[in-house]
Amino acid sequence: MAAAPVAAGSGAGRGRRSAATVAAWGGWGGRPRPGNILLQLRQGQLTGRGLVRAVQFTETFLTERDKQSKWSGIPQLLLKLHTTSHLHSDFVECQNILKEISPLLSMEAMAFVTEERKLTQETTYPNTYIFDLFGGVDLLVEILMRPTISIRGQKLKISDEMSKDCLSILYNTCVCEMIRLDEVPNLSSLVSNFDQQQLANFCRILAVTISEMDTGNDDKHTLLAKNAQQKKSLSLGPSAAEINQAALLSIPGFVERLCKLATRKVSESTGTASFLQELEEWYTWLDNALVLDALMRVANEESEHNQGASEENGLPHTSARTQLPQSMKIMHEIMYKLEVLYVLCVLLMGRQRNQVHRMIAEFKLIPGLNNLFDKLIWRKHSASALVLHGHNQNCDCSPDITLKIQFLRLLQSFSDHHENKYLLLNNQELNELSAISLKANIPEVEAVLNTDRSLVCDGKRGLLTRLLQVMKKEPAESSFRFWQARAVESFLRGTTSYADQMFLLKRGLLEHILYCIVDSECKSRDVLQSYFDLLGELMKFNVDAFKRFNKYINTDAKFQVFLKQINSSLVDSNMLVRCVTLSLDRFENQVDMKVAEVLSECRLLAYISQVPTQMSFLFRLINIIHVQTLTQENVSCLNTSLVILMLARRKERLPLYLRLLQRMEHSKKYPGFLLNNFHNLLRFWQQHYLHKDKDSTCLENSSCISFSYWKETVSILLNPDRQSPSALVSYIEEPYMDIDRDFTEE
C-alpha cells in the first residue's frame, strides 16, 4: 500500500521529511542525487517494493526537484489527481487535471508515430516516462475501476468524457512505453510457476508487450513510409516487441502451456471451490451490460438445450438463472482463450515463425481447437447474428464474437505459405487429397506426403471442413465472412495445388462465393475483396473450376452482375483479374479437348481474352495508384498491370500495348500523364522488390512466372533509350516528359 501523501504546507510537512523523501535526497542535509529517484522508482516497479508512485512524496519536495529535473510538473499533477479522485469526490477537479496531463503525453505519442523510433525511449519521450514512473498508469486504472465499487449499496459513477480522457492518456502511454521482459528479474521461473489462471491473465499483459505498436491500419500505411521506416530500423536493431517475443520463447514449456490452455475443455477448467473464489471478480463484470448480455445468452442456450433433454427424459428443466454460474464459467474460458490465441497469433507472425510453427504443431494446437469448434468456438450458428445491448449488428466487441475472429486470424496466420497447413485436415481428408492427385495423374504434393499423421485433426471432419460448413451458413451481412474467406484463402496461397483446389471445389465453395457476389449482391467492400481474392486462388489454372463457374453464371444477366461487381472497384477485384489472365494464357498454350471446350464456352475467359478488355483494365489499374499512395493493399494493382504486360511481352505484343496506352492517354486529353505515372511506379517497384530484405517468392509462386522475368520486363520498360519500341519513354512526348521525380512523401 502506498504511503499517504503529506499535504503541502502542513505541520507534518514542515517538521520532518518522509522516509521516501529522505532516501531520495540521500539522508538529512544531503544533496539530491541525480537520477536516484528515477532509479528507485524503476526498481520499485520491477520488484513491487519501495518507491512506486508520486503519492509517496510531498508536493514541496516534488516541486523543488522538478526545477532541476524538468519533469513538466507531472508528479505534482499526479499527486493532485490522487487527492481529487477519492471515493467521495465529484471528479470535477479530477477531470481538469486530466486535461492538463493529456497534451503533455499526446505530443510525444504523435512524435512517436510520425518520427524515427529510438531504442532509449525513456530519454526520447520524457513526459511519458515520468508519468509512468510516478504511478500514473496505476492511478488512472484505479479511477476507471471506481464504478465497480459499491458503497452502502450505491454505485459510483464517472462521466463518459472522463473515462475517455483516462483511456486516451493510457493509450498514449502505451504508444511510447513498452515493458522489456528481458529486464524482469527471474522471468523464466516466475512464468513457469504461474497456474493456468495466472498464465491466462499474463497473456493480457503480453498482448501489449509483444505487439508492434499499432500506428494505424497496416494496409493503409504507404509503402514509401514503411520502406523508409525499415531502413531507419536496421540501425536500431530489434524492436522492444521482438525482444519480448524472443524472451518468451526462451522460457521452457511456455508455448506448450499456451497450447494446453487454448485447447482446454470447459469441463477441465477451474474447479468449483476455486471458481467460487472468482465470483467476486465476476460480480464487478455484471455491471457491464455487454458482458451480462453475453452471459445471459449463453445461459439461455444452455437452458434451451437442457429443457429439450429434460422433456425427452421426463425430468424437470433448469432455468436460465440456475444455469448462469456455468455460463459464467464458459464465458470465463472464452476470455482466457481470447488472450491466449492472440499471443499465439502474434508469435506466429514474428521473426521466430518457423520455431513457433514447429512447437504449435508438436503440441497439437490445431486438433485441440478442432475438438472445441462446435462446443465452444462456434457453439451456435445463430449467435453470430445476435445484436448485443447498445451495439449494432456490425459490432465485434463481444467476447463471443471476438473469440471467433481471433480464431480465424490464427488459422489465417497458421496456413499462410506454410506446409503445416495440412494439419487442418484429418486422415481421411489427407487420403482424399492423395486420391485427387492419383486420379488426375499428377504427383502428390510433397508437403502432404511429409505431414505427420499423428498431429492432424481427428474426428469425422477436420478444421478446414468445419470452417467451410459454417462459412456457407453465414448470414449475408455477417462480419465473419471477411475473416472466413481470408482463412480459407490462406490455405490456397503459395504454389498452386490442383488437389487443394479440387478438395474445396467438391465441397461447393465456388458456388457459395458466386452466390455471395452475384445473387446476394454483397455491398461490403472488405467482404467482396476477400471473396474475389479467394475466387482467384480457387480458379487459377483449374479447368474444372472454370467449367463450374460457367455452369453457375449461365445467363448474360448473371454475367453482367458479376462484371459490375468486378468493375466497381479494381483495387478489390484485381487479384481475380490477374488469376483469370494467367489462366487464359496457360490454357491457350495447352492442347487438350477439355481445355478447348472451356475456352470456347466460358464467358469470363472470352471476356478477358479481348484486347480492348485487357487495355481497359491496364489503363485503370495504372491510373488508380501513384507512388505516394501505394499501400500493401493496392500495390497488387501495380503487379497485376505488370502481369498483363509480361504476358504481352511473351507474345511479342508489348509495343502494341504501350502504343494503345498512349492513344488512350490522348483520347482522355491527358498526354503523358499515365505513362509518366507508370514510369515512376516501376522505378519504385525496383527499389521495393529488389531490396535484399524483400521476399520475391510470393510473386513468383502466385504467377508461375520466374522473378528474373519480372525484373527483366521492368528493366525493358524503364530503358532510357527512346529508340527502343518496348521502352516507356518512347511513348512519352518530350514536352510531357516527367520521369525523374524523387520518391518523397507529399
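Guide: Let's start with R486, which is buried, its relative accessible area being 10% (buried is under 20%, exposed is over 50%, partly exposed is in between, with a 1.4 Å probe and protein chains only). Before going on, keep in mind that this is a predicted model, where local features need pLDDT of at least 70 and side-chain atom pairs count only at pLDDT 80 or more, while totals for chains, interfaces and linings use all residues. Residues are numbered from 1 along each chain as its sequence is written, and side-chain values use heavy atoms, leaving out hydrogens and water.

Back to R486: its salt-bridge partner is E489, and the closest N and O atoms of the two are 2.9 Å apart (a salt bridge puts a side-chain nitrogen of Lys or Arg within 4 Å of a carboxyl oxygen of Asp or Glu). E489 is buried as well, at 6% relative accessible area.

How many salt bridges does the rule give? The count comes to 23.

Now try one that reaches further along the chain. E511 and R548 meet through their side chains in a salt bridge, 3.3 Å from N to O. That pair links distant parts of the chain, with E511 in helix α28 (residues 509-519) and R548 in helix α30 (residues 543-552), 37 residues apart. E511 counts as partly exposed, at 24% relative accessibility, and R548 is partly exposed too, with a relative accessible area of 27%.

Next up is R603, whose side chain meets that of D556 in a salt bridge at 3.2 Å, N to O. R603 sits in helix α34 (residues 603-609) and D556 in helix α31 (residues 556-568), so this pair ties together parts 47 residues apart in sequence. R603 counts as partly exposed at 24% relative accessibility, whereas D556, at 54%, counts as exposed.

One last thing to trace brings us back to where we began. Salt bridges with shared partners join D416, R486, E489, R493 and D533 into one network.

Notes: Helix = DSSP H or I, 4+ residues; strand = E, 2+ residues; numbered from the N terminus.
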